[in-house]
Amino acid sequence: MLIVAYDIHDTKLRTKFSKLLKKFWRMLQYSVYEIKNSERILKILKTEIELTFAPKFSWADSILIIPVSRANSEKMIRYGQPALEEKEILFL
């Protein structure tokens, strides 16, 4: 899993970046996304950032991509909506 956090001041660019991240999984909080990790997804994400977003960044913009190992992912403590999304629900 990857945790992606960002702070982009330009509203139009921030919205475009948020839409890119929504393609890969889900928003945890404003400007923080959880992404199911694979080498292919990470490569796509890095390429998009480098080609589309990085050239438009100001000195105040930032993106942080934090890899989370499977073992650490299983140890995460979740409350609220993220906790509910992790539980399996059986409909009869």
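**Entry 1: starting at one residue**

I began with Y6 and found that its bridge partner in β4 is I63. Two strands count as paired here if DSSP finds at least two bridges between them. The strand β1 (residues 2–7) is where Y6 sits, and I noted that β1 and β4 pair in the antiparallel sense over six bridges.

A note to myself on the source: this is a predicted model, where local features need pLDDT of at least 70 and side-chain atom pairs count only at pLDDT 80 or more, while totals for chains, interfaces and linings use all residues. Residues are numbered from 1 along each chain as its sequence is written, and side-chain values use heavy atoms, with hydrogens and water left out.

**Entry 2: the overall plan**

I listed the secondary structure and got four helices and four strands. The elements are DSSP runs numbered from the N terminus: helices are H or I with at least four residues, and strands are E with at least two. Reading from the N terminus, I wrote down β-α-β-β-α-β-α-α.

How much of the protein is buried? Buried residues make up 29% of the 92 residues. The word "buried" means under 20% relative accessible area, "exposed" means over 50%, and "partly exposed" lies in between (1.4 Å probe, protein chains only).

I also looked at contacts, meaning heavy atoms within 4.5 Å. Of those between residues at least 6 apart in sequence, 67% join residues at least 24 apart.

**Entry 3: the sheet**

In what order do the four strands lie? They form an open sheet in the order β2-β3-β1-β4, with antiparallel pairing. The edges belong to β2 (25–29) and β4 (62–67), each with a single partner strand, so one side of each has no neighbour in the sheet. Neighbouring strands are turned by 25 degrees against each other on average, direction ignored. For angles, axes are lines fitted to C-alpha atoms (for helices, over the stretch in contact), and values run from 0 to 180 degrees between N-to-C directions.

I reminded myself that strands of a sheet pair through backbone hydrogen bonds, either parallel or antiparallel. Here β1 and β3 run antiparallel and are joined by four bridges; V4 has Y33 as its bridge partner in β3. Four bridges also pair β2 with β3 in the antiparallel sense. Their hairpin has two residues between the strands, and S31 takes a positive phi near 70 degrees there.

Side chains came next. In a regular strand they alternate between the two faces of the sheet. On β3, V32 and E34 point one way, Y33 and I35 point the other way, and all are buried.

**Entry 4: helices against the sheet**

I followed α1 and saw that it lies across β1, β2, β3 (32–35) and β4, running at about 170 degrees to β1. The helix α2 packs on the sheet too, touching β1, β3 and β4, and its direction makes about 170 degrees with that of β4.

One residue I picked in α1 was L20. It counts as buried because its relative accessibility is 7%. Leaving out residues up to four places away in sequence, L20 touches L45, E48 and F53.

**Entry 5: rings**

How many aromatic pairs are there? I found three. Rings of Phe, Tyr and Trp (its six-membered ring) pair if their centres lie within 6.5 Å; planes under 30 degrees apart are stacked, over 60 edge-to-face, and the rest tilted.

The ring centres of Y6 and F17 are 5.0 Å apart with planes at 80 degrees, so this pair is edge-to-face. It links distant parts of the chain, from Y6 in β1 to F17 in helix α1 (residues 11–22), 11 residues apart. Both residues are buried.

The centres of F17 and F53 are 5.1 Å apart and the planes are at 80 degrees, so this pair is edge-to-face as well. Since F17 lies in α1 and F53 in α2 (residues 39–53), the pair ties together parts 36 residues apart in sequence. I checked burial: F17 is at 0% relative accessibility, and F53 is at 1%. Ring pairs link Y6, F17, Y33 and F53 into a cluster.

**Entry 6: charges**

What stands opposite R26 in β3? I found E34. Their side chains meet in a salt bridge at 2.7 Å, N to O, and both residues are buried. A salt bridge is a side-chain nitrogen of Lys or Arg within 4 Å of a carboxyl oxygen of Asp or Glu; the count by this rule is one.

The charged end of R26 also sits over the ring of W25, 4.3 Å from its centre. That rule asks for NZ of Lys or CZ of Arg within 6 Å of the ring centre and within 35 degrees of the ring normal.
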